[in-house]
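Here are some notes to read beside the model. Please take the points in order and keep the structure open as you go.

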Amino acid sequence: MKKAMAHTEPVLDAHGRARRKLLALAALPAATATISPSHAVDRPATKTSAHVLIVGSGLAGLSAASRLRRLLDGATITILDGKEIHNYQPGYTLVASGIWPVEKVVDRNADFMPIGVEWIREHAAEIDPDAKLVVTDRGRRIRYDFLVVAPGLHLDYGLIEGMDTAAIGRDGIGSVYHGHEGAVLTWKAMRAFVARGGRAIMTLPSTALKCAGAPLKMAFLLRDRLHEAGTLGRSQITFNSSLANVFGVPQVNEAVLVRWDALGISVNFEHGLKAVDITRREATFTTPLGEENTSYDFLHVVPPMRAPDAVKNSPLAWREGDFAAGGWLEVDERTLRHRRFPEVFGLGDVNGTRRGKTAATVKKACPVVTRNLAAVIAGKEPALTFDGYTSCPLVVRIGAAMLIEFDYDGRLTPTLPLIEPLQDSWFAWLMKTRLLKPAYVAVLKGRA
Amino acid sequence: MMYEIWLGLNIVWELALMHKAWVIPAGTIMLILLASAIVRPPRAGRRAPVFAAGVVSAIAAFLLLPGATMAGFADLGYWVDWLLLFALSVAIGVAVAISAAGLCALIPDRWLRQIPSSR
Ligand SMILES: Cc1cc2nc3c(=O)[nH]c(=O)nc-3n(C[C@H](O)[C@H](O)[C@H](O)COP(=O)(O)OP(=O)(O)OC[C@H]3O[C@@H](n4cnc5c(N)ncnc54)[C@H](O)[C@@H]3O)c2cc1C
């Protein structure tokens with residue numbers, strides 16, 4: 001911890017230190033009891049006095065910190081993130097459709113902060129990789145030797161004219177992406193709509209998305225709720241996609257469209273949400289034939305997404321190609337090491353790679369990033385590669401889901417080869433509702 | 001495959017931590033009952049009610065588990081679902097049978113003599 005103070009100012013008060021010690025004592029039995037395959041591979045630890053800075057304490061940041069604690073002997077590890085709450089985001093769709101209570105998706109970051117890791121409760125405002133320096137939103141200057149960039153992504157509601165996130169939950173507006181409060185309010189708006197029925201418009205932007213299955217799940221679940229309430233007959237669900245598909249993996253796209261056809265969910269392609277008039281309940285879409293105004297009773301808004309400003313405005317962002325507009329982090333998609341700054345690695349939603357904005361991606365990518373970083377610290381080349389593993393249990397109704405897993409090339413890569421990915425099952429539903437949160441927590445703790 | 005087994009163990013561990021408020025007392029009781037069932041296995045006359053408790057629980061689990069998870073039998077459209085439901089029901093039946101056996105071992109003989117089927 002002392003070494004960290006050389007780089008930054010003290011951040012823990014006496015109370016914080018005492019609490020850390022207690023946590024350390026409490027964690028001792030668990031730490032000695034958990035001998036995992038990944039521990040076995042993680043050892044022997046690399047001896048180093050390097051300062052590793054991790055930007056972001058979401059799933060990516062915390063799991064990287066936990067693993068690096070074990071992999072690096074003597075390193076100073078600092079996490080930078082002003083957010084105190086930890087959200088289990090994969091549970092948002094369940095909260096937004098009235099299946100889960102919100103408490104299941106809200107935890108405290110402090111409960112998962114690895115022992116011995118310094119946590120600075122501030123956000124990165126600027127990253128200067130030439131000077132190996134991060135400046136926080138409160139002006140603190142933090143120097144690093146190695147950097148793990150893991151600040152997730154930014155929801156760009158501002159790009160939709162007239163959209164006001166304060167309206168989520170009323171006037172027929174829902175948006176599952178707007179944090180845990182957004183999920184609760186989406187269920188409020190959806191419940192009110194379901195009781196009466198009417199015209200629902202679901203949207204999909206053209207940018208990269210975190211969990212690209214979530215907008216589809218919302219359409220499936222809305223249809224199921226209408227059916228359950230007996231208002232399906234007087235309702236109409238239309239899915240407006242900005243793209244020429246609804247999902248980037250062709251086989252999954254096809255399977256979803258066939259199901260929607262059978263369920264009566266209609267689809268418009270190349271319909272991007274441009275503007276919304278909340279009081280008049282009217283949405284404007286850009287289409288190949290010009291602008292189209294549509295009235296609605298329920299509008300599910302999925303905002304365009306991009307990298308957070310600190311990355312987008314830094315030299316770390318892609319400067320050309322498909323990922324430049326979103327300012328995504330320029331990493332090599334296999335080693336997840338920055339393509340121009342060798343001491344920088346990227347993990348999680350911020351990465352400018354072909355696929356992989358899911359928690360499941362972090363599960364598979366974190367060991368690659370942390371072991372490659374440890375190799376670089378030890379003066380070697382990164383040896384591990386990532387295949388782009390992305391997974392999304394696609395809930396098709398309350399009680400059934402499809403367990404979809406794929407790689408960078410869009411090849412379906414089921415973990416359990418006997419299980420047909422495009423077959424809906426109760427098994428996948430149980431995974432989604434009962435088993436994935438504990439799996440997520442195990443990843444968060446750097447154990448799985 | 002090693003990784004999947006490890007992940008599965010982690011899921012069980014985290015589930016237990018999440019529900020420790022009832023997992024610890026229930027687990028302790030189960031262990032005591034298991035130990036008592038091992039030390040004093042049910043005699044021939046007591047096996048029938050133990051077996052019956054297990055079978056009834058397994059059937060109840062089979063019928064109730066989908067509903068308890070917000071699903072219905074109509075959602076079990078894949079052979080994997082039926083296999084899973086069967087396996088879970090058998091596991092619950094076995095756990096109840098073991099508990100019943102342990103309980104039998106703890107209950108004094110004169111109490112059990114009053115139950116006709118255990119004579
Ligand atoms: C509705 C929804 C449904 C989903 N469903 C699934 C699913 O079914 N399966 C699945 O695998 N995944 C799912 N996901 C995706 C999954 O939750 C994310 O991919 C995962 O959380 C990404 O982790 P991350 O650490 O990269 O980002 P996050 O978890 O978002 O964390 C980013 C952290 O960085 C911090 N941060 C931001 N900017 C800065 C800054 N400038 N400086 C410092 N810190 C900063 C934030 O405060 C935050 O704590 C879903 C997501 C959503 C929203």
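1. Burial first. Buried means under 20% relative accessible area, exposed means over 50%, and partly exposed lies in between (1.4 Å probe, protein chains only). By that rule D424(A) is buried, because its relative accessible area is 9%. D424(A) sits in the loop between β24 (400-406) and α11 (426-444) of chain A. Helices (H or I, at least four residues) and strands (E, at least two) are DSSP runs, numbered from the N terminus.

2. Ground rules. This is a predicted model, in which local features need pLDDT of at least 70, side-chain atom pairs count only at pLDDT 80 or more, and totals for chains, interfaces and linings use all residues. Residues are numbered from 1 along each chain as its sequence is written, chains are lettered from A and ligands numbered from 1 in the order in which they are written, and side-chain values use heavy atoms, with hydrogens and water left out.

3. Confidence. pLDDT is the predictor's confidence in each residue, from 0 to 100. Chain A averages 92, and 90% of its residues score at least 70. Residues 1-40 of chain A are an exception to keep in mind: their pLDDT is below 50, and the stretch has 47 contacts in the model beyond near neighbours in sequence. Contact means heavy atoms within 4.5 Å. Chain B averages a pLDDT of 91, with 95% of the residues at 70 or above. For the complex, the predictor gives an ipTM of 0.90 and a pTM of 0.91.

4. Back to D424(A). What does its side chain pair with? The side chain of R259(A) makes a polar contact of 2.7 Å with that of D424(A). A polar contact is a pair of N or O atoms within 3.5 Å; within protein, one must be able to donate a hydrogen and the other to accept it, and residues adjacent in sequence count only if both atoms are side-chain atoms. The side chain of R397(A) also makes a polar contact with the side chain of D424(A), at 3.4 Å. Leaving aside neighbours within four places in sequence, D424(A) has contacts that include V396(A), M402(A) and, from the other chain, Y78(B).

5. The ligand. Its shell holds 33 residues, the closest being A60(A), D81(A), A124(A), D349(A) and A359(A). A residue is near a molecule or strand if one of its heavy atoms lies within 4 Å of it. α4 (59-71), α7 (214-229), α10 (359-377) and β23 (390-397) of chain A each give at least two residues to the shell.

6. Polar atoms at the ligand. A side-chain N or O atom of D349(A) is 2.7 Å from an oxygen atom of the ligand. A polar backbone atom of A360(A) is 2.9 Å from a ligand oxygen. For a polar side-chain atom of K217(A), the distance to a ligand oxygen is 3.0 Å. The protein covers 93% of the 1000 Å² of accessible area that the ligand has on its own. Accessible areas come from the Shrake-Rupley method with a 1.4 Å probe; for residues, only the protein chains shown count as cover.

7. L147(A) lies in strand β11 (residues 146-149) and is buried, at a relative accessible area of 0%. Not counting residues up to four places away in sequence, L147(A) touches several residues, among them L53(A), I127(A), L316(A) and F345(A). N351(A) belongs to the loop between β22 (344-346) and α10. At 5% relative accessibility, N351(A) is buried too.

8. An exposed contrast. Is N313(A) buried or exposed? N313(A) is exposed, because its relative accessible area is 61%. It lies in the loop between α9 (309-312) and β22 of chain A. The C-alpha atoms of N313(A) and E126(A) are 7.8 Å apart, although 187 residues separate them along the chain.

9. Backbone points. C211(A) is not a glycine, yet its phi is positive, near 40 degrees. C211(A) is placed in the loop between β14 (199-204) and α7 of chain A. M70(B), also not a glycine, has a positive phi of about 65 degrees. M70(B) is in the loop between α3 (44-68) and α4 of chain B, and is partly exposed at 39%.

10. A helix in chain B. α4 (residues 79-106) has 28 residues and reaches 41 Å from first C-alpha to last, close to the expected 40 Å. The expected span is 1.5 Å times one less than the number of residues. Buried residues of α4(B) include V80(B), L85(B), G93(B) and C104(B).
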